[in-house]
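Please look over the sequence and the structure shown here before reading on. The briefing below is meant to be read beside them.

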Amino acid sequence: MCATCGCGEGEVRVTAPGDQHHGHGHGHGHEQEHDHDHDHPLRTHTLELEVAVLARNDELAARNRAWLAARDVVALNLMSSPGSGKTTLLERTIAASDRPVGVIEGDQETLFDAERIRAAGARAIQVNTGAGCHLDAAMVQRALTDLAPEPGSVLFVENVGNLVCPALFDLGELRRVVVISVTEGDDKPLKYPHMFAAADLVVINKTDLLPYVDFDTARLRADARRINPDVELLELSARTGDGFAGWQQWIAALLPQ
Amino acid sequence: MHELAIAESVVSSVLERTGEQHVCVVRLRVGRLSGVVPDALRFCFELATSGTALEGAALEIEHPAGRARCRACEREFELADAILLCECGSADVTVLSGHDLRVTSVEVA
């Protein structure tokens with residue numbers, strides 16, 4: 001400890017601009033100079049960084065976006081809870097598509113979804129995140145190299161089933177789609193606002209089950225718009241195909257002419 | 001638990017700029033609309049810094065509210081969460097700030 005001012009070595013701070021004191025960072029405000037007969041071994045200084053925490057991810061996402069655009073590949077990031085029907089929606093989309101389709105499947109474990117997508121007739125790559133709860137731009141970059149989507153194709157990235165974490169990570173997609181099924185309840189936009197705030201489109205799936213559940217479609221629509229005034233909404237049943245044409249039209253509007 | 005990935009990004013973006021220097025304090029700005037929970041981030045920070053030049057560093061988090069402008073009445077107001085609702089009853093609101101997620105500064109030895 002410094003005998004004159006009582007500062008401990010562990011809390012020494014020399015702070016650059018704006019701090020006129022000798023930098024101990026304690027507020028006792030003594031004015032006199034005192035000659036230290038020791039060195040402060042932990043002399044520190046401030047580095048102003050002002051760097052976005054996700055800058056590296058965003059940089060890779062921008063690279064993915066440019067890579068996809070150069071090949072006329074339209075990429076959609078599909079996010080939802082587990083079991084909302086993303087893979088079923090993709091199976092039907094692949095069967096009905098007149099363009100080649102590629103899919104990057106994100107799950108913590110198993111190849112189940114990639115196998116379903118291949119069986120439906122599309123190229124698929126499975127990314128297993130292990131303990132990870134979301135895909136990031138670096139994972140998608142690796143998957144793109146392996147998948148090598150055809151020029152002019154539609155690429156779906158089926159994110160890890162999770163209504164929280166994927167919202168934060170730009171993958172380089174053109175649009176973000178949130179799929180919500182009517183069995184999950186109409187309160188999800190207010191419970192998971194970040195996900196709905198990040199969406200360009202909300203797909204309300206499993207509408208064939210509406211007669212059996214208490215799901216207020218008008219409430220979900222209103223709440224989604226409270227979080228995200230510009231969001232688009234579609235209702236469909238990936239199982240029966242009801243409302244599916246609206247989804248096809250939405251995708252068609254994104255394709256280069 | 002994306003806070004672990006966020007904590008790891010904090011560590012790598014600091015290390016990129018500080019190299020071998022020992023880092024004793026990391027200061028972050030985590031906006032209320034960023035989707036990151038400061039307490040969860042603190043929990044993960046210790047794990048993410050272990051064995052790096054940031055090990056043992058203190059984490060100081062600024063957690064500012066967001067700002068928004070109502071497109072109906074043109075009023076500007078503070079946003080404590082992601083629910084966009086102006087006092088005038090309109091939900092047609094433009095978010096001006098609150099998504100910030102950055103390392104503002106560090107103390108290095």
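Predicted model: local features only at pLDDT ≥ 70, side-chain atom pairs only at ≥ 80, totals over all residues.

Residues are numbered from 1 along each chain as its sequence is written, chains are lettered from A and ligands numbered from 1 in the order in which they are written, and side-chain values use heavy atoms, with hydrogens and water left out.

**Chain A overall**

- Chain A contains eight helices and eight strands, where helices (H or I, at least four residues) and strands (E, at least two) are DSSP runs numbered from the N terminus.
- Of the 257 residues in chain A, 49% count as buried; buried stands for under 20% relative accessible area, exposed for over 50%, and partly exposed for what lies in between, with a 1.4 Å probe and protein chains only.
- When contacts (heavy atoms within 4.5 Å) in chain A are taken between residues at least 6 apart in sequence, 69% of them join residues at least 24 apart.

**Helix packing in chain A**

- The axes of helix α2 (residues 86-96) and helix α3 (residues 112-120) of chain A come within 9 Å and cross at roughly 20°; axes are lines fitted to C-alpha atoms, for helices over the stretch in contact, and angles run from 0 to 180 degrees between N-to-C directions.
- This makes α2(A) roughly parallel to α3(A), given that angles under 35 degrees count as roughly parallel, over 145 as roughly antiparallel, 65 to 115 as roughly perpendicular and the rest as oblique.
- The crossing of α2(A) and α3(A) is right-handed, a term used if the near helix is turned clockwise from the far one by less than a right angle, whereas anticlockwise is left-handed.
- On the α2(A) side the contact is made by T87(A), T88(A), L90(A), E91(A) and I94(A), and on the α3(A) side by D113(A), R116(A), I117(A) and A120(A).
- By residue class, the contact of α2(A) with α3(A) consists of four nonpolar, two polar and three charged residues, where Ala, Val, Leu, Ile, Met, Phe, Trp, Tyr, Cys and Pro count as nonpolar, Asp, Glu, Lys and Arg as charged, and the others, Gly among them, as polar.

**Helix packing in chain B**

- Helix α1 (residues 3-18) and helix α2 (residues 38-49) of chain B pack with their axes 8 Å apart, at an angle of about 55°, and α1(B) and α2(B) are therefore oblique to each other.
- The crossing of α1(B) and α2(B) is right-handed.
- The contact involves E3(B), L4(B), I6(B), A7(B), E8(B), V10(B) and V11(B) from α1(B), together with A40(B), L41(B), C44(B), F45(B), L47(B), A48(B) and T49(B) from α2(B).
- The residues of the contact between α1(B) and α2(B) divide into 11 nonpolar, one polar and two charged.

**Buried residues and their surroundings**

- Q126(A) belongs to strand β4 (residues 123-128) of chain A and, at 15% relative accessibility, counts as buried.
- The side chain of Q126(A) reaches the backbone oxygen of E105(A) at 3.3 Å, and a polar contact of 3.4 Å joins the side chains of Q126(A) and D107(A); a polar contact is a pair of N or O atoms within 3.5 Å, and within protein one must be able to donate a hydrogen and the other to accept it, with residues adjacent in sequence counting only if both atoms are side-chain atoms.
- Leaving aside neighbours within four places in sequence, Q126(A) is in contact with residues including G106(A), T110(A), L111(A) and F112(A).
- I61(B), in strand β2 (residues 58-62) of chain B, is buried with a relative accessible area of 17%.
- The C-alpha atoms of I61(B) and R27(B) are separated by 5.9 Å, although these residues are 34 residues apart along the chain.
- Apart from neighbours within four places in sequence, I61(B) is in contact with L28(B), V30(B), P38(B), L41(B) and R42(B).
- S90(B) is found in the loop between β4 (76-79) and β5 (93-97) of chain B, and at 14% relative accessibility S90(B) counts as buried.
- The side chain of S90(B) reaches the backbone nitrogen of D92(B) at 3.0 Å, and, not counting residues up to four places away in sequence, S90(B) touches C70(B), A72(B), L84(B) and L85(B).

**Positive phi values in chain A**

- Most residues other than glycine have a negative phi.
- E50(A), in strand β1 (residues 45-52) of chain A, has a positive phi near 50° and counts as partly exposed at 39% relative accessibility.
- D72(A), in the loop between α1 (55-70) and β2 (74-80) of chain A, has a positive phi of about 55° although it is not a glycine, and at 44% relative accessibility D72(A) counts as partly exposed.
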